[in-house]
Amino acid sequence: MTSWLEIAPEDAPETARAARLGDWSGVAVFSDVASEYHAAETGTALCDRSHRALIEVTGADRAGWLHNLTTNNIKELRSGDGNYAFALNVKGRVLFDLQAMVLDDSIWVDIERRWIDFARAHFEKYRVMEDVALCDRSSEFVRFALVGPLAAHRLADAGVSNAVAIPYLQVVKVLLDGTDVSLFRHDRCGVDA
């Protein structure tokens with residue numbers, strides 16, 4: 001039996017179902033969900049993450065500014081650190097969730113693509129005197145998740161021998177098949193990813 005992991009989207013079986021999330025569309029399910037989860041739980045699954053968006057925050061005040069707009073401690077994070085947070089309005093109500101990833105010269109904000117316009121407008125509203133710039137970098141990257149207990153082994157086979165040592169919610173730069181890649185550890189689905 002061919003696993004959904006071995007099927008390219010254009011060769012998807014008739015059981016594949018498309019999904020739409022804002023302006024993004026893609027294959028949500030290649031077969032039945034139980035079989036897909038079993039494959040991810042026992043081996044390695046390659047998951048499309050193109051429904052996620054990236055906002056790059058730059059400028060000298062980026063960490064403190066973003067810290068003030070979210071629920072988690074961002075100003076204390078060092079390069080390579082990341083965390084999960086919520087963006088809040090002035091009344092403290094949750095607007096959307098995000099992953100913050102701190103790099104040497106910027107902070108990457110990972111959010112659902114459907115929230116990109118709303119998030120940029122919200123952040124721009126609070127960019128008053130701070131040295132902060134925002135840039136939507138979503139379309140500049142191909143994003144996917146390698147999920148499952150054998151994910152680190154697959155990366156090791158590709159030359160990334162230290163993948164198993166990446167701490168949860170940390171980002172590292174690696175060379176993968178001659179291309180600079182940022183790996184972010186986020187154990188989605190309850191298994192290593």
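Me: Which residues form one aromatic cluster?

Reply: Trp65, Phe96, Trp115, Phe118 and Phe123 form one aromatic cluster. Please keep in mind that this is a predicted model, in which local features need pLDDT of at least 70 and side-chain atom pairs count only at pLDDT 80 or more, while totals for chains, interfaces and linings use all residues. Residues are numbered from 1 along each chain as its sequence is written, and side-chain values use heavy atoms, with hydrogens and water left out.

Me: How many aromatic pairs are there by the rule for rings, and what is that rule?

Reply: Rings of Phe, Tyr and Trp (its six-membered ring) pair if their centres lie within 6.5 Å, and planes under 30 degrees apart count as stacked, over 60 as edge-to-face and the rest as tilted. By this rule the count comes to five aromatic pairs. In one of them, Tyr84 and Phe86, the ring centres are 5.4 Å apart and the planes lie at 75°, so the pair is called edge-to-face.

Me: Why is Tyr84 called partly exposed?

Reply: Buried means under 20% relative accessible area, exposed means over 50%, and partly exposed is in between (1.4 Å probe, protein chains only). Tyr84 has a relative accessible area of 35%, so the term is partly exposed. Phe86, with 31%, is therefore partly exposed as well.

Me: What makes Phe96 and Phe123 an edge-to-face pair?

Reply: Their rings are 5.8 Å centre to centre, with 75° between the planes. This pair links distant parts of the chain, since Phe96 is in strand 6 (residues 94–102) and Phe123 is in helix 3 (residues 116–125), 27 residues apart. Helices (H or I, at least four residues) and strands (E, at least two) are DSSP runs, numbered from the N terminus. Both Phe96 and Phe123 are buried.

Me: What is the largest nonpolar core, and which residues have the most contacts inside it?

Reply: A nonpolar core is a set of buried Ala, Val, Leu, Ile, Met, Phe, Trp, Tyr and Cys residues joined through side-chain atoms within 4.5 Å. The largest has 22 residues, and those with the most contacts inside it are Ile55, Val57, Trp65, Leu98, Val109, Ile111 and Phe123. Among the elements that give two or more residues to this core are helix 2 (62–68) and strand 7 (107–112), while the largest share, four residues, comes from strand 6.

Me: Why is Ile116 called buried, and what is it in contact with?

Reply: Ile116 has a relative accessible area of 10%, so the term buried applies. This residue is found in helix 3. Contact means heavy atoms within 4.5 Å, and, leaving aside neighbours within four places in sequence, Ile116 is in contact with Ala53, Ile55, Ile111, Asp136 and Ser138. Ile116 and Ile55 are 61 residues apart in sequence, and their C-alpha atoms are 8.0 Å apart in space.

Me: How much of the whole chain counts as buried?

Reply: Of the 193 residues of the protein chain, 41% count as buried. The chain has four helices and 11 strands. Among contacts between residues at least 6 apart in sequence, 56% join residues at least 24 apart.
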